[in-house]
Amino acid sequence: MKSSLYILTLFIGLGCVTSAERRVNGSEGESVEIQCNYPDGYRYKEKYWCRHPCGNKDVLIKTGKTDTVVTVGRFSLYDNVSIRTFTVTMSRLTLQDTGVYYCGLEQWGTDGLSKIHLRVRKAPTVPTVTPSAPGSVTEEVTATALTASSSQDTASSTTGGKNDSLSMAATNHTDISKQDHNDAKSLIGAALGVMALLLLVAVFILVRQRQKRATRSLDKKPTVRNGATGTEQADQ
C-alpha cells in the first residue's frame, strides 16, 4: 500500500514537471536566467539543462553538489534545494541561441522535462565613429575657426555699417535742426526789424501831424489893432 502511494506521488510530481511550458526573452550579447522548480521528492536527484530534442548530446550542463554553482562555458547552474529550484544562466547570448530548451529532472523511467521557449532579440546597432588622421582633425578645426572668424568679421562689418549709417543720420538730423533754428531766428529778427521800422514811421507821422496842427493854430489867432500906434497885434 505504501509503495503504491509512493509511485502515485512520483507520477503526480512527474505530471507537474512536464506540464509546465514558458517563454523567455533575451537580448543579443546579454545574459538570461531561467528558474526551474521541482517537487520535494527530487531535492537530491540530478538536474540538467538541455536543448531540443534533449538527447544525451544535447545536454548543456548538469548539477554537481547541492548548493554549488556549476559552470560550463557560457552556462552556469545553481541548485537551491531549500526552495526546490535550480537556476540556469546563459551568458553572451547570440541569435543562434533562439530555440526550445528543457529543464531536465532525472528520474526512474522517462525524465521529467519542463519546456522553455527562448527568444534572443537582435541588439540595437550603435553608430561607430571612425577616427580621422590628426592632420585632418587640425585642418578641420582650423577651417572651423576661420569660418567662425569670417562670420564674426562679417557681423562686425555689418554692425559697423549700421552704426555709421545711424551716426550719419543723427548728424544730418542735428544739422537740419540747427538750420531750422537759425532760420527761425532770422525770421524773428526780420519781423522785429519790420515792426520797429513801422513804429518809427508811425512816431514820425504822429510828430508831423502835431507840428502841422500847431502851425495851423497860430495862423488862426485874431489880431488886435492898436489905436494909438495904428498897428495890429496878435491876440495873446
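These are my notebook entries on one protein chain, taken from a predicted model.

**Entry 1: overall layout**

I began with the secondary structure. The protein chain has two helices and eleven strands. I then wrote down their order from the N terminus, which runs α-β-β-β-β-β-β-β-β-β-α-β-β. I looked up the contacts next, keeping to pairs of residues at least 6 apart in sequence. Of these contacts, 53% join residues at least 24 apart.

**Entry 2: surface and interior**

I looked up how much of the chain is covered. The chain holds 236 residues, and 19% of them are buried. The accessible surface of the chain comes to about 17,700 Å². Carbon and sulfur atoms supply 58% of that area.

**Entry 3: salt bridges**

I noted the general idea before the list. Side chains of opposite charge can pair when their charged atoms come close. How many salt bridges does a search of the whole structure find? The search finds four.

- Arg43 and Asp40 form a salt bridge, with 2.5 Å between the closest N and O atoms. Arg43 is partly exposed at 23% relative accessible area. Asp40 is also partly exposed, at 44%.
- Lys57 and Asp58 meet through their side chains in a salt bridge, at 3.5 Å from N to O. Lys57 counts as exposed, because its relative accessibility is 75% and the cut-off for exposed is over 50%. Asp58 counts as buried, because its 13% falls under 20%.
- Asp97 and Arg74 form a salt bridge, the closest N and O atoms lying 3.0 Å apart. This pair links distant parts of the chain, 23 residues apart. Asp97 sits in the loop between strand S7 (85-90) and strand S8 (99-105). Arg74 sits in the loop between strand S5 (69-72) and strand S6 (75-80).

I also checked the cover of this last pair. Is Asp97 buried or exposed? Asp97 is buried, with a relative accessibility of 5%. Arg74 is partly exposed, at 22%.

**Entry 4: a nonpolar patch**

I turned to the surface again. Which residues form a nonpolar patch there? They are Leu197, Val201, Phe204 and Ile205. Together they have about 390 Å² of accessible area.

Val201 is in helix H2, which covers residues 134-219. Its relative accessible area is 40%, so Val201 is partly exposed.

Notes
Residues are numbered from 1 along each chain as its sequence is written. This is a predicted model: local features need pLDDT of at least 70, side-chain atom pairs count only at pLDDT 80 or more; totals for chains, interfaces and linings use all residues. Side-chain values use heavy atoms; hydrogens and water are left out. Patches are made of residues with over 30% relative accessible area and no salt bridge: like charges are joined within 9 Å, nonpolar side chains (Val, Leu, Ile, Met, Phe, Trp, Tyr) within 5 Å. Accessible areas come from the Shrake-Rupley method with a 1.4 Å probe; for residues, only the protein chains shown count as cover. Helices (H or I, at least four residues) and strands (E, at least two) are DSSP runs, numbered from the N terminus. Buried means under 20% relative accessible area, exposed over 50%, partly exposed in between (1.4 Å probe, protein chains only). Contact means heavy atoms within 4.5 Å.
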